[in-house]
Amino acid sequence: QVQLVESGGGLVQAGGSLRLSCAASGIRFSIAAMGWYRQAPGKQRELVATITSGGGTNYADSVKGRFTITRDNAKNTVYLQMNSLKPEDTAVYYCNAVVTLFSRPRDYWGQGTQVTVSS
């Protein structure tokens, strides 16, 4: 059974920092492309950052220079370090894993963790 368990969300003042973690089980983590997405109230879910199995990263323009995605394959965990947080970063943050086997990608999601940034 695949599980992605996020942690690290919470309430922080603008300008502060948080680190989100996503612990994965039931997948071949080392070959998975991992990502963080977020969804604010009344808005569509949007990509925040992704990291490939080889460590290549991609960021939304709105978080470049402030957020950093990393992974620890020994711990089956992906992290999102969020600095200089802004009220517009308030959202539920979701962990995503894409595992491709025999040319078939499979998509998995965590349950989400709330991040609230106060002004």
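Buried means under 20% relative accessible area. The views below come from a predicted model.

**View A. The disulfide between cysteine 22 and cysteine 95.** The structure holds one disulfide. Its sulfur atoms, in cysteine 22 and cysteine 95, sit 2.1 Å apart. The link bridges distant parts of the chain: cysteine 22 belongs to strand β3 (residues 18-25) and cysteine 95 to strand β9 (residues 91-101), 73 residues apart. The angle about the S-S bond is -80°, and the link is left-handed. Cysteine 22 and cysteine 95 are both buried.

**View B. Glutamate 46 meets arginine 38.** Their side chains form a salt bridge, 2.7 Å from N to O. Glutamate 46 is partly exposed, because its relative accessibility is 37%. Arginine 38 has 6% relative accessibility, so it counts as buried.

**View C. Aspartate 89 pairs with arginine 38.** The closest N and O atoms of this salt bridge are 2.9 Å apart. Aspartate 89 lies in the loop between β8 (77-82) and β9, and arginine 38 in strand β4 (residues 33-39), so the pair ties together parts 51 residues apart in sequence. At 0% relative accessibility, aspartate 89 is buried.

**View D. Arginine 66 also bonds to aspartate 89 in a salt bridge.** Here the N to O distance is 2.8 Å. Arginine 66 sits in the loop between β6 (57-59) and β7 (67-72), while aspartate 89 sits in the loop between β8 and β9, 23 residues apart. Arginine 66 and aspartate 89 are buried. Salt bridges with shared partners join Arg38, Glu46, Arg66 and Asp89 into one network. The structure's salt bridge count is four.

Note on methods
Residues are numbered from 1 along each chain as its sequence is written. This is a predicted model: local features need pLDDT of at least 70, side-chain atom pairs count only at pLDDT 80 or more; totals for chains, interfaces and linings use all residues. Side-chain values use heavy atoms; hydrogens and water are left out. A disulfide is a pair of cysteine sulfur atoms within 2.5 Å. Helices (H or I, at least four residues) and strands (E, at least two) are DSSP runs, numbered from the N terminus. Buried means under 20% relative accessible area, exposed over 50%, partly exposed in between (1.4 Å probe, protein chains only).
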